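The sequence and structure are shown first.

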Amino acid sequence: MLIAAEPQDPHPATAAADGDGAPGQEARAAARVAELDRRLGDPTDEANELSYARLIAADEAGELATAGERALDELRLGADFVPGAEGGRLERLDTLVRVMRQVFRRDVALGLGYGVTSFMAGVNVWTSGDAAQRARLARILTGGGKVSVAYHELAHGNDFVRNEFEARPAPGGGFLLNGAKQVINNADRADAWVLFSRTSPAPGSRSHSVLFVEREGLDRDTWRVLPRYDAVGVRGCHLSGLRFDDTPVPSSTLVGASGTGVETALRAFQITRAALPGMAVGTADTALRTVVGFALGRRLYRKSVLDIPHARATLSGAFTDLLTCDSLSLAATRAVHLLPEQTSVLAAATKYLVPKLLTDALHELSIVLGARFYVRDGEHGIFQKHIRDLPVLSLGHAGSAACQATIIPQLSRLARRSWFSDEPAPAALFRPRAGLPDLPFDRLTLASGRDGLSATLVAAVDTPPGATPEEQAVQELARQLVDELRQVQEASRSLAPQDRTALAGPAAFALADRYAVLLAAAAAIGVRQQAAQDGGDAFLADPAWLAAALHRLARRLGRRPAALPASVDARVHEEVLRRFHARTSYDLYDTPLTG
């Protein structure tokens, strides 16, 4: 039945997570989510200034919705990216994800263009900045300003340790900035930039540093904003670049010690990679909701599209994938608080897999829409916009290949030291509404030798199966997935030295993909286990959705599991319709929505 007696928790952070702060944290989180949803309004109401129709019109014009930015200004969204210790609202990463889903379910470009870029820049300063830098950044964000981050240069892609943008020591102190950074979101309107810069001509990771450069006070004659790029997705985002020519900046712009830029960036990535995919679940939520509405209203052969078995299965499958993605996202965001020493691999796996699963789900849903998939306006136009915008989340410094390149060097170590020997992850990792300790920016590590999440999968097969067909199906699927983990372990142990680096061959990248899928399975198992123990959500406690999730993941791994009991599809389909008519979210929270 996959409901084991709760073990003694070896993770001391869990005690803080389940303390007296949990009810207060959850109440604040729920209130903030409801506040955003209420202010942004019903996106299906054409009278709403933030309706889908108006958001699509802004996208067609290549601009962010003015009304959307005004609403987020009024909501002081920038404060949600600032830790409480610095005067903001950021106390839990999973709460930030829930808040941003309200924006992403309406417009990915608005979510990225208004605030997520500031969040991605800010975590570098929260992680390694001094008190003065943190205070200056907090003033900018809580005051409604924006900050951009610039890691890349087009000539070097994700290999940013080869970047040529320089911050040379200036004769009188400080630095002189030289070079260009391309494809920066909000470069033209940011109040400050976090710049990944070469501070030494020597090769290697110690040659780069992070600088926090504020626009105010810069010598205007020595720098400029480069022309804006046209984009296929997130067309409203201001994507341009910066060019500096001996621009002087003070020594106080240096974040952390000189030469520690790679460490700062990699720690920051763990936070952003954990958080951003979960925000995108809101985008897929809208896509699924749009197609369910179409399927209910469109009639073929004297029946609704929803009566067609393939269409019905597609909708149920997409909903199942959303729950799987949210389970992995939940584990990743809560691991930053609870298991910071394990977050490096888990965050990278989440950022790699979740956008892929969501994008695949949208493409499957597009088949149900048929010809209406191509329509860019009207009641189904938001689907077309979302399917263009969502893939952008798989690009950039945290793109798919970069995430796999983070995982690959750690596979052999995990295979030797962790898999089949670690303790399962703490129960609090899988409880969406349980309390959490503060974000431990100083405890994030660059590499991990432990993996409690996969241990949750291994432990599941040791529990006697329940009596129902659904529970027995879950047990058999878990057994197959554990067998898959053993195969991944054997293959990881035998990796050649060259295949333990970012320059590994295709087989190593395939191993990273299989491992990420197994982590998603483990997260879903953990969520269902805790829901069954807590008794707060009858659907999440039901083994039906977990059986469906594990079945889809097993098939993704190339397995051919036995057909599921008919009751599984019936239960999942019933929940798809219930949430559509009740206007609640298609994620783990089942949140009431305005539309």
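## Contacts and overall fold

Of the contacts in the chain with a separation of 6 or more, 78% are between residues 24 or more positions apart. The model in which these contacts occur is predicted. The chain contains 18 helices and ten strands. Its radius of gyration is 23 Å, close to the 25 Å that the globule rule gives for 595 residues, so the chain is as compact as a globular protein of that length. Along the principal axes, the C-alpha trace spans about 75 × 60 × 50 Å.

## Burial and surface

Buried residues account for 62% of the 595 residues in the chain.

## Aromatic pairs

The structure holds ten aromatic pairs. One of them is formed by phenylalanine 165 and phenylalanine 244, whose ring centres are 5.7 Å apart; the planes meet at 75 degrees, over the 60 degrees required, and the pair is therefore edge-to-face. This pair links distant parts of the chain, 79 residues apart. Phenylalanine 165 lies in the loop between β1 (147-150) and β2 (166-169), whereas phenylalanine 244 belongs to strand β7 (residues 239-249). Phenylalanine 165 and phenylalanine 244 are both buried.

Tryptophan 419 and tyrosine 515 form another pair, with ring centres 5.0 Å apart and planes at 50 degrees, so this pair is tilted. Here too distant parts of the chain are linked: tryptophan 419 is in the loop between α12 (400-417) and α13 (452-460), and tyrosine 515 is in helix α15 (residues 506-534), 96 residues apart. Tryptophan 419 is buried, as is tyrosine 515.

## A ring cluster and charges over rings

Phe165 and Phe244 also belong to a cluster, in which ring pairs link them with Trp193 and Trp223. Over the ring of tryptophan 223 sits the charged end of arginine 220, 4.1 Å from the ring centre.

An arrangement of this kind also involves phenylalanine 420: the charged end of arginine 486 sits over the ring of phenylalanine 420, 4.0 Å from its centre.

## Cysteines

A disulfide is a covalent bond between the sulfur atoms of two cysteines. A search of the whole structure finds zero disulfides. For cysteine 325, the closest cysteine sulfur is that of cysteine 403, at 14 Å; a disulfide requires sulfur atoms within 2.5 Å, so the two are too far apart for a bond. The relation holds in the other direction as well, since the cysteine sulfur closest to that of cysteine 403 is in cysteine 325, 14 Å away.

Cysteine 325 has 0% relative accessibility and therefore counts as buried. Cysteine 403 likewise counts as buried because its relative accessibility is 0%.

## Glutamate 69

Is glutamate 69 buried or exposed? Its relative accessibility is 15%, and the limit for a buried residue is under 20%, so glutamate 69 counts as buried. Glutamate 69 lies in helix α4, which covers residues 66-74.

With neighbours within four places in sequence left aside, glutamate 69 is in contact with Leu64, Leu110, Tyr114, Lys146 and Arg189.

Key:
Residues numbered from 1 in each chain as written. Predicted model: local features only at pLDDT ≥ 70, side-chain atom pairs only at ≥ 80, totals over all residues. Heavy atoms only, no water. Helix = DSSP H or I, 4+ residues; strand = E, 2+ residues; numbered from the N terminus. Buried < 20%, exposed > 50% of the residue type's maximum accessible area, 1.4 Å probe, protein only. Contact = heavy atoms within 4.5 Å. Phe/Tyr/Trp six-rings, centres within 6.5 Å; stacked < 30°, edge-to-face > 60°. Lys NZ or Arg CZ within 6 Å of the ring centre and 35° of its normal. Rg over C-alpha atoms; globule rule 2.2 N^0.38 Å.
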